[in-house]
Amino acid sequence: MSLFDSDFLKKLEYLSLVSRRVFRGKLLAQRRTKQLGGGIEFADHREYAPGDDLRYLDWNVYAKYGDLLLKRFQEEEDLHVYILLDASRSMDCGSPNKFDYARRIAAALAYIALADLDRVSIMAYADKPLDVLPLTRGKDRVLSILKFLENVKPGGTATDLATVAKSLVNRAQRTGLVVIISDLYDQAGFRAGVDLLRHRRFEPHVIQIHTEEEANPSFLGDIELDEIETGQRRKLTVTERKLKQYRQLFHEFLAAIETYCKTYSLSCTRSTTDLPFDELILRMMRASGIQS
Amino acid sequence: MLEFASPMLAWWAALAVPIVLIYIIKVRMRRRPVSTLLFWNQLFDEKKPRAWWQQLRHWLSLVLQLAFVLLLVAALIDPLWSWQKSSQRRVVLILDNSASMKATEADGITRLQSAKEIAKGLARSLRPGDEMSLVSAGGQSVVQVGLTNHARLLIEGIAECQQTDAPSALLPAIATAERLLKDRPEKSEIIILTDGCIEDFETIRNNPLVKIYGVGTAQENTAITRYQVRRSVMDSVGYQVLIEVTNSGVEEIKTKLELSLEDSLVDVVPISLKPGESQTRILDHTSATGGRLVAKLDSKDALGTDNSAITILPQRAPLPITLVTSGSLFLKSVLESMPLVELSISETAPNSAPMGGLLVIDRKMPEVLPRGRVLIVDPQNNTDLWTVGENLEQPLVAHVAKDSPLTQHIRLDNVLFPGAKQLTFSQPVESLIRDPLDSPLLARLKRPGGDLWILTCNLEQSDLPLRIAFPVLIKNAIEWFQGNEGQLRPIVPTGTLATFSIPSQEQAEATAAPDADQAEATTDSAIAVESTTTELSRRDLQVSSPSGKKSSLSAQGEQVLIGPILECGLWTVAPISDSRDATGIAKVELNKGNVDYRWTFASNLTNRSESDLKPRGELLTADSLSVVSLGGRAIWFYLALLGLMLLTTEWWLYQRRVVG
């Protein structure tokens, strides 16, 4: 079975419809950028400067207070959606496969965005950008996006979101929504990267994926663990007590990410790979609806 | 000073080498891919064990494994203290498996079961060099296992030692034990495991080699201690039952004694017994059929075996008698008055007596007397066995044989036998009643084809038929011809021998007359009869116990001894080919010239000593026996057990998780 079969496409269409009917104007698309210009929706005032178009002077304010203020309007522009897909080797594990799951989510989000006439760019990364799909627009570009995602392979020797965020910031023509799909097993890099995006007025949205086995490992006794991302090995004697401590540590890790996102009002979605991807998208939609 | 029983087995200590090697090189660990070591690194680097014992965890595993090997090797080489080696014992263990050991204690376990457990513990405690033998003492002394050091053999022997219903035979068992130990008596001992319900207790206790260990506690018990049945001498269909019931407890009891014949209730007798009291009852009842006669006490006490007793009431079979007479009313009347007699009257004498019955010929004799058992009254003519002479001058009864069953209970002093004739016999006869000139008035004549009873007296002229002696005389004659079969079948007490007489061909032939054709054939060939008897005496027989166990025996003579009888109930002796129901009542009968050896007898405990469930003296406690046997186990067992515990601990601490 290929990664994006006909069932998958049907689910994408369904998700697109649901997003339009239920969450009109509240999800990714149809959001207004903060670009100010010649729109019809009032944004704010600024002081008049010689040479400004007098048609936009707020004569009511001038009549009342004697101040020369120029009205500014929000310019209606397409939303730019940047999807950062973690393609490090740590994603290539688990059953169902964590990377496949991430690609499906990326595809779903891209489809919804394109259906809402937004621009979508996808960047697969590890310690650096591995592959980039430039900004694209129109629903007819869906197939090229799916093809791009199908061709992406896990690689790299580490995960460094900070470097990748820096690359995105430098490369992006405009700010927009940045969806990070990753297991986030790179805490320092993750925070630095997200911070950079925030500071550059991007809107980061974090989707954290992990497997059930990662949360609750079941092995015991003497065992040699092989980290698939770096090839590092470690011999351990795993006891029940150690397992308990591991679960506690993992829980603390998840809680720390959640706290971080809440601190900066970032959207954060967490899921295990055994949850169907469409269920996850719907959950995200509901969360967005509640927030807005 | 420590010595080792099997030092050669110390090479098992080499097992430590692979254990250490495996520990050092570590068994190839399972490899498992994970997405990140981030958390494992944090876990193991930040939370390193700080306590010294935590750092020694794996060393402790090695130590435990090595300690296990050490203990295993120690158990294998079996260390002995020198005092233990010097105190090697030779023990004969006498296990009392008599009837009283069948008594159930308060915990629901029989005394024999308790004794067996103690005996097994003792067998397990055998040291190298120790020897033990097992002798059972239920009914007879049996060496179950000879002197051996093999504990398992002893334990199997103990387990196979069967409960008996017989009295204890401890004195013979002790004699057997002494014979086993006689070559080295200085380090020998005889251990008896018993409940103390034994005769000759003091004699046994005074034996210096013997130590008596007790099992069980004193208990209440009521028992049937005597039981016998016989046919009534006065009444052909009547029988008398002798029963003695004994209360060997310390409390007064009230119970009922039920008597049933072939599962039909015959009588119920209420009985009240004071402590230690015995009551004897004689019960009279009638039955012609006979069968299994069971007496049962309606009481539930510790020992059930002696609460019931069984015997066989012999069947009274009808006796066919053919009377050949021209009209003797006296003979006809007296024979008709006899119970169980099936009388037929004929005017001519047949060739033989009826099968299993008698032929009575009055006056007119055939020239050749018929075969079989024949009563002759007032012979008038000559035959092949006698010649009739003149009438006796003084046919007065002068002498009556007192010791003959044919003339018992008869008084005929000075009675006239008118018409009596002088008989001259062709072969010797036994004169039972004689006149003053020693001429026989009543004689018995033995012959191969069946005995004769000859009375010379004219019944019409004599007052003999009017005397009470006449029916008694006829009854004696009939019972003599019938033999004692069916009168009494004595009960065989358990622990004794049962004797079985194989009927000879001659006896069998006397029991009934063969058909005419067969009679001629047999008469023509006396050698054939002799050879048949020899063949029959070697016949293989099968003994069936009440529980259905069968054993074979070969009868070499006329008498067969069976036993000692160890089981209560009905025993049957039959030819191996006999497939009839073993519980049926057997009859010795002749069937077309073949002798049937089938014989059934009853066996009951009926032993006061065994039924008294109180020990006759002070017994050593079984607990002290356990101390002698080091808690019932040898030291190597505890070493092995400790090693096993260490192994389990090591698995629990380290290996269990791998399995998980």
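In chain A, residues 22-35 keep a pLDDT under 50, and the model gives this stretch 31 contacts beyond four places in sequence. Keep that in mind when reading those residues, since this is a predicted model. The rest of the picture for chain A is summed up by an average pLDDT of 84, with 88% of the residues scoring at least 70.

## The two chains

Two chains make up the account below. Chain A has 9 helices and 11 strands. Of its 292 residues, 35% count as buried. Look at contacts in chain A with a separation of 6 or more: residues 24 or more positions apart account for 78% of them.

Chain B has 17 helices and 35 strands. It has 660 residues, of which 36% count as buried. Contacts in chain B between residues at least 6 apart in sequence can be sorted in the same way, and 70% of them join residues at least 24 apart.

## A sheet in chain A

Chain A holds an open sheet of 6 strands. Read across the sheet, the order is E6-E5-E4-E7-E8-E11, and the pairing is mixed. Which strands sit at the edges? They are strand E6 (129-137) and strand E11 (267-272) of chain A, and each pairs on one side only. Neighbouring strands of this sheet are turned by 15 degrees against each other on average, with direction ignored.

What holds such strands side by side? Strands of a sheet pair through backbone hydrogen bonds, either parallel or antiparallel. Take strand E5 (residues 119-125) of chain A as a case. Here 6 bridges join E5 to E6(A), and the two strands run antiparallel. Within E6(A), A:Thr136 stands opposite A:Val120.

Helix H8 (residues 240-263) of chain A lies across strand E8 (203-210) and E11 of chain A. H8 runs at about 160 degrees to E11(A).

## A strand pair in chain B

Strand E9 (residues 222-231) of chain B is mostly covered, with 7 of its 10 residues buried. Its partner is strand E10 (residues 238-247) of chain B; 9 bridges join the two, and they run antiparallel. B:Arg231 has B:Tyr239 as its bridge partner in E10(B).

## Where the chains meet

The contact between the chains takes 28 residues from chain A and 19 residues from chain B. Which elements of chain B give two or more residues to the side that touches chain A? They are strand E2 (30-34), helix H2 (38-46) and helix H17 (635-659) of chain B. H2(B) provides the largest share of that side, 6 residues. By class, the side of chain B that touches chain A has 10 nonpolar, 4 polar and 5 charged residues.

Strand pairing also crosses from one chain to the other. Strand E9 (residues 221-227) of chain A pairs with E2(B) in the parallel sense, over 5 bridges. In E2(B), B:Arg30 stands opposite A:Ile223.

| Site | Feature | Angle |
|---|---|---|
| A:Ser95 to A:Pro96 | cis peptide bond | omega near 0 degrees |
| B:Gly563 to B:Pro564 | cis peptide bond | omega about 10 degrees |
| B:Asp378 | positive phi, not a glycine | phi about 55 degrees |
| B:His409 | positive phi, not a glycine | phi near 65 degrees |

Where does each one lie? A:Pro96 is in the loop between strand E4 (80-86) and helix H3 (98-115) of chain A. B:Pro564 is found in the loop between strand E30 (559-562) and strand E31 (569-575) of chain B. B:Asp378 has its place in the loop between strand E19 (374-377) and strand E20 (386-391) of chain B. B:His409 belongs to the loop between strand E21 (399-400) and strand E22 (421-425) of chain B.

Is B:Asp378 buried or exposed? It has 24 other C-beta atoms within 10 Å, and the cut-off for buried is 20 or more, so B:Asp378 is buried. B:His409 has 12 C-beta neighbours inside 10 Å, and exposed means 12 or fewer, so B:His409 counts as exposed.

Terms used:
Residues are numbered from 1 along each chain as its sequence is written. Chains are lettered from A and ligands numbered from 1 in the order in which they are written. This is a predicted model: local features need pLDDT of at least 70, side-chain atom pairs count only at pLDDT 80 or more; totals for chains, interfaces and linings use all residues. Two strands pair if DSSP finds at least two bridges between them. Helices (H or I, at least four residues) and strands (E, at least two) are DSSP runs, numbered from the N terminus. Axes are lines fitted to C-alpha atoms, for helices over the stretch in contact, and angles run from 0 to 180 degrees between N-to-C directions. Two residues are in contact if their C-beta atoms, placed from the backbone, lie within 7 Å. Ala, Val, Leu, Ile, Met, Phe, Trp, Tyr, Cys and Pro count as nonpolar, Asp, Glu, Lys and Arg as charged, and the others, Gly among them, as polar. pLDDT is the predictor's confidence in each residue, from 0 to 100.
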